[in-house]
Amino acid sequence: MPVYQIVHVIVFLILTVMTLGGALGVVVSRNLFHSALFLVLSFAGVVGYYVLLDAGFLAVVQLLIYIGAIAILILFAVMLTRGLMDKRQSQTNQQWLIAGLAALLTFIVLAVVLWQVDWPVASEQVLASPSMAIGAKGSQLGQDLLGTYVIPFEVASVLLFVALIGAVILARETES
Amino acid sequence: MIPLYWWLIVAAALFCIGLYAVLSRKNAIAILMGVELMLNAVNVNLVAFWRYITPQALTGQVFAMFVITIAAAEAAVGLAIFISVYRKHGTIDVEKLDIMRW
Amino acid sequence: MVLSEFTFVGILVIVASLLPIAGLGFASLVRPKKPNPVKQSTYECGIEAIGDAWVQFRAQYYIYALVFVIFDIEAVFLLPWAVAYNQLPLYALLEAVLFILILVLALAYVWRKGALRWS
Amino acid sequence: MDTIVLWLTNLIPQMSEPVARLVVHLVYAGVLSFVAPVVVVVAFTYMERKVIARIQDRVGPNRAGPLGVLQGLADAVKMLTKEDITPQNADRPVYNLAPGIAVIGVILIYAVLPFAPGVVGADLNVGVLYIVAVGGIGTMAVLMAGWSSDNKYSMLSAFRVVAQMISYEIPVIIALLMVVLVAGSMQMGEIIAAQDVPFLFTLPLAFFIFFVATIAEIGRSPFDLLEAESEIVAGFHVEYSGMKFAFFFIGEYMHLFVGAGLVTTLFLGGWRGPLLGNVVSDASLFGMLLGFVYFLIKTVFVIFLMIWVRGTLPRFRIDHLLDFGWKFLVPVGLFGLMAVALILKLPFLSSSGLQWVGLLVANVAVIVISLALVSMAARRSRSVALRGVAGADR
């Protein structure tokens, strides 16, 4: 096996430890602020995944949106709503055992199925040259977004519009 | 190259951890974090399928972009609801927020 | 795949994280360490701190974060458009202007509602 | 990078190309993370103190070494030997991680900054977006520091700083969108190549927005609310001392330099300058050196401008600051963006010379119209306020 492939696998394993470790941290941590920081760690692992999968643009988008925006939003919400931060109090409801079993069972079923299926992976030479979302000059993604996906593109704008208005109305401090 | 099913199994694990968070946590924000983990798992799947099965078309990446958009909109509105509820009831423990039940 | 353009970024993350480790490690060798309760108490202008750090903050901060998230995503959609602009036909201009105008409308609405006012 | 790799493989023939590349990358990363912080902090704190002193009719540092040039080193020694005090109730892991993350987040931006022709860590295809995205790491560090210190003031300050940073990230992105639109690329190399006329002259609006928003992102005066001593003690890092405080400080100056470097690269043509490219080849070592000198001259000039702004303008109030971002820079930027997009598609402006003129005209028009609107609104609100005062008197 060539050296770069070994490096590839090592990087994959490190990122997996980050992503799944972070995710477990979110679930286990009693301090909600720590949970949110573990969530950021998990997102950062996914950034690395996208780089390994040659989706550079998405990696940066993940960094920008998830870590730079959504995580900030969650941290703000955590800081604004104190409560349930008491370390002595249980953070889980009574059905945690059933929930854990259900999640574990789902995982086992999924893993077995995913492992058994013979995926129609593309041929070697197709795999060797994935399409670039954004090149040094010009962008396939931009052409797709304004061509094939133009309706979703505009609908996304409307969705953001509605989300903004709804959220602002909900979160505003009403004058009293 | 790393085999495709490695990615899929990691994504499945991430999804199930998120599922556990949604089912078991009391705090509404923690539940939302679980949902975000699940959406991330879906995105990893989409991008992995794009890379291994149709690397010539950008469909997987475009889908992932829309999923991220929806995740952000959902987080924005969801957290706004929590803040509003917190202001009214002083808690965002979903077990105590059952006034709508009766 | 062999050597992604992000390789250097990965290397830089690892090397750069050595800087704080090295800096703090070296400093811990030379600096004094004589803690006492007064030194370690919270500094709030010299008055003794009452209660813990958590007080009710304004939800106004959250609203700015909210508007920011929405515009951030808009940027993610507009950047591929901007890069591809030279290769796109004229209608791309109209589509993008429509996209931007919807967001201007959102901003105008939030502005009119006074949500951006720091009363 | 390629030039240096080639030079190294010629120097040591036994070395294979990938190994040479790895070595160059490691050395470059080492320079960026260990040499650059020291040089940048020592040089620019000195420059800032001297310039501010001159503006305020003082002498500035003059004790340590000739003309006080060793002042920065003296400060470094002081920081190293200071005791490290951690508040009793601090959330220790988070508290200790925050300064490191702050400085790493800034160093990561340097990866895409081209210092000279071919001297860039990674000329990413998504370079511009990468800059904005990595900037978000700093925001995270601020929140971590503010939260973990267990201090009301640091938490309040963290809220403020984050509100400021995210509010000014949007204008930065809009200005960058204009640049990307004209250059047709997000890669720093391509953006420099597209600047036969620096974007300062074709996109003055974008330059203005980017410059102002960069100052705000770095958190320098007049946007230095994080250090508003009279209001919030000293910002989110009140509880930090010694080396941990020093890392926030290093991060701030590293950010100053990289911000100015980005202004240079995106609007002033980066390392481009006379003689380079036609008389002296880009690929030669001398060409690299010359490019670096051009880059440095422009960047130091931009930093000088920032210090000048700091020495001249008073601090903003938080509500004015947020209003200025959301109610002025963002709408003006969005209309500017649409104007630029329109100009680029006008059929009768097909030659590049005419296009430059068109862009300049459109930019200036947007600036003039928006300033006129603002002054009209200001006059109206003033007269309303005056009427209120008059009514109260009666």
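## Contact between chains B and C

Five residues of chain B meet six residues of chain C. Two residues are in contact when their C-beta atoms, placed from the backbone, lie within 7 Å. The chain B side of this contact holds four nonpolar residues, one polar residue and no charged residue. Ala, Val, Leu, Ile, Met, Phe, Trp, Tyr, Cys and Pro count as nonpolar; Asp, Glu, Lys and Arg count as charged; the others, Gly among them, count as polar.

## Model and numbering

This is a predicted model: local features need pLDDT of at least 70, side-chain atom pairs count only at pLDDT 80 or more, and totals for chains, interfaces and linings use all residues. Residues are numbered from 1 along each chain as its sequence is written, while chains are lettered from A and ligands numbered from 1 in the order in which they are written.

## Contact between chains B and A

Chain B puts 62 residues in contact with 73 residues of chain A. Helices α1, α2 (28–52) and α3 (59–89) of chain B each supply at least two residues of the chain B side. α3(B) gives the most, with 20 residues. By class, the chain B side has 46 nonpolar, 10 polar and six charged residues.

## Chain B as a whole

Chain B has three helices and zero strands. Its elements run α-α-α from the N terminus on. The radius of gyration of chain B is 17 Å, well over the 13 Å that the globule rule gives for 102 residues, so chain B is more spread out than a compact globule. That radius is taken over C-alpha atoms, and the rule is 2.2 Å times the number of residues to the power 0.38. Helices (H or I, at least four residues) and strands (E, at least two) are DSSP runs, numbered from the N terminus.

The C-alpha trace of chain B spans about 50 × 25 × 20 Å along its principal axes. Buried residues make up 60% of its 102 residues. A residue is buried if 20 or more other C-beta atoms, placed from the backbone, lie within 10 Å of its own. Take the contacts in chain B between residues at least 6 apart in sequence: 49% join residues at least 24 apart.

## B:Leu8

B:Leu8 sits in helix α1 (residues 4–24) of chain B. It counts as buried because it has 23 C-beta neighbours inside 10 Å. Not counting residues up to four places away in sequence, B:Leu8 touches A:Leu114, B:Asn45 and B:Ala48. B:Met33 is 25 residues from B:Leu8 in sequence and 21 Å from it in space, C-alpha to C-alpha.

The domain assignment of chain A gives domain 1 (1–85) and domain 2 (131–176). Such bounds come from an automatic or database assignment. The C-alpha centres of the two domains lie 23 Å apart.

Helix α2 (residues 32–52) of chain A has 21 residues and should span 30 Å at 1.5 Å a residue; its end C-alpha atoms are 31 Å apart, which agrees. The expected span is 1.5 Å times one less than the number of residues. Of the 21 residues of α2(A), 18 are buried, so the helix is largely enclosed by the rest of the structure. Just after α2(A), A:Asp54 takes a positive phi of about 65 degrees.

## D:Gly105

D:Gly105 lies in helix α4 (residues 92–109) of chain D. With 22 C-beta neighbours inside 10 Å, D:Gly105 counts as buried. D:Gly138 is 33 residues from D:Gly105 in sequence, with the two C-alpha atoms 5.7 Å apart. D:Gly105 touches D:Val134, D:Ile137, D:Gly138 and D:Ala141, not counting residues up to four places away in sequence.

Conventions. A residue is buried if 20 or more other C-beta atoms lie within 10 Å of its own, exposed if 12 or fewer, and partly exposed in between; C-beta atoms are placed from the backbone.
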